[in-house]
Amino acid sequence: MLTLLALLLLCICTPGRCIFQELYCTIADSCNCDFRPNVRELEWDLYKNVYGQHLAQEILSEEVARFLAEQAPERPLVLSLHGSSGTGKTMAAGMLARHLYGSAMSSPFIHQFITTLHFPAGRHVDAQQEQLKSWVQGNVTACGRSVFIFDEMDKMAPGLLDVLEPFLGASHVVFGTNYRKAIYVLISTAGEEVINKAALEQREAGRDREEMTAAELQDAIAQAVYNNPTSGLYKSSIIRQKLVTAFVPFLPLCRLHVERCARAQLCQRGACERQDVARAVAADMTYKPSPGHYFSTSGCKTVPAKIDLLL
C-alpha cells in the first residue's frame, strides 16, 4: 500500500513545489526523498578543498555527472581512488556522498566499510564474502541508489571483493531489483608508486603537474593494482572484466599544497590570520625524494597534529 502511495504522489508532482511529495517524505523512509545530487556543488567542493588534485577533480566530477545523467545506466558507477596517504582520497569520497544525499554521510543509504574493522585479517574469506554479498544485495534491494565506500582496500584480502562481480556487470537485475544505479567507491594506497613516479618525472622534466592527463595513468594504475599482492584487487576478476569505471589518481602533495591544508585547518579553528603557523607546519614536514625533496611523505595527514603543537 505504501509503495502504491509513493508512486501516486511522486507521479502527480509538478516541477514546482510538490506538497504531496513532501508529505510522503515525512512519513516514508525512501531514498528517493533523500537523494538530491548536486554535481555543480561537488565540482566546486573538490576544486576548493582538495588541494593539488586536478586529475581527481576532473574525473570524479565528469564520471558522476555522466552517470547521473543516464536514466537507465548500463552498469553501476565504480570509482577506484589511488594515491599516497594524506592526499585527499577519503575526503573526496566523503564529498561525493555529501553531494548525493541530503543527509550526507549520516544517510542510511551510504554504506562505508573499513577493511580493518569490517573484514579483519585472519578471518575466513569465504564467510566474509557471503556477509558482504548479503549486505550489498539487501541494501541495493532497499535502495537502488545506494552508495558503497570501501576504505583501506590495500588491507583487504585478495579475492574478497570479487564476490561483487555479478553486481557490477551490465545486466544484473534480480527479482525486479536494478543493481545498475548503485555507486561503488574503492580507496587504496596501492598504485602510489606509479602515480608518484609519473609526478616526479613531470616535475624533473620542467612541466607543470596540471599538464598531466588521466589517460596516461589509467592503464598503469590498473596494472600496478592487479599485480600487487597487497592491493585488495590482486588478480581480481573485477579488473580483468574491466568493471572499474575509472581509476582516479591522487598526486603527491608539494609544500605549497601542505601550506594550503594548514591554512584551511587554521580557518576552521578561527585562526585564519596565523599564516606563520601554516608556513611552519609546511616547513616541518618531511619531503621526498632525495635530492629534490618535492613531495610530502605524509601528504596533509599530520597537519592537524602539527597545528596542535604550534598553536
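This is a predicted model: local features need pLDDT of at least 70, side-chain atom pairs count only at pLDDT 80 or more; totals for chains, interfaces and linings use all residues.
**Stop 1: two helices**

Start by selecting residues 39-49, which form helix α4, and residues 54-69, which form helix α5. Their axes come within 9 Å and cross at roughly 170°. Angles over 145° count as roughly antiparallel, so α4 is roughly antiparallel to α5.

Now show the side chains where the helices touch. On α4, pick Val39, Leu42, Glu43, Leu46 and Tyr47. On α5, pick Gln57, Leu60, Ser61, Val64, Ala65 and Leu68.

**Stop 2: a disulfide between Cys261 and Cys300**

The model has two disulfides. For one of them, select Cys261 and Cys300, whose sulfur atoms are 2.0 Å apart. Find Cys261 in helix α13 (residues 255-268), then look for Cys300 in the loop between β9 (295-296) and α15 (303-310). The bond therefore ties together parts that are 39 residues apart in sequence. The torsion about the S-S bond is about 80°, so this disulfide is right-handed.

Are these cysteines buried or exposed? Cys261 is buried, at 12% relative accessibility, and Cys300 is buried too, at 13%.

**Stop 3: a disulfide between Cys267 and Cys272**

Next, select Cys267 and Cys272, which are joined by a disulfide with an S to S distance of 2.1 Å. Cys267 is partly exposed, with a relative accessible area of 38%, and Cys272 is partly exposed at 35%.

**Last stop: Cys254**

Finish by selecting Cys254, which is buried at 12% relative accessibility.

How values were computed: Residues are numbered from 1 along each chain as its sequence is written. Side-chain values use heavy atoms; hydrogens and water are left out. Axes are lines fitted to C-alpha atoms, for helices over the stretch in contact, and angles run from 0 to 180 degrees between N-to-C directions. Helices (H or I, at least four residues) and strands (E, at least two) are DSSP runs, numbered from the N terminus. Angles under 35 degrees count as roughly parallel, over 145 as roughly antiparallel, 65 to 115 as roughly perpendicular and the rest as oblique. Contact means heavy atoms within 4.5 Å. A disulfide is a pair of cysteine sulfur atoms within 2.5 Å. Buried means under 20% relative accessible area, exposed over 50%, partly exposed in between (1.4 Å probe, protein chains only).
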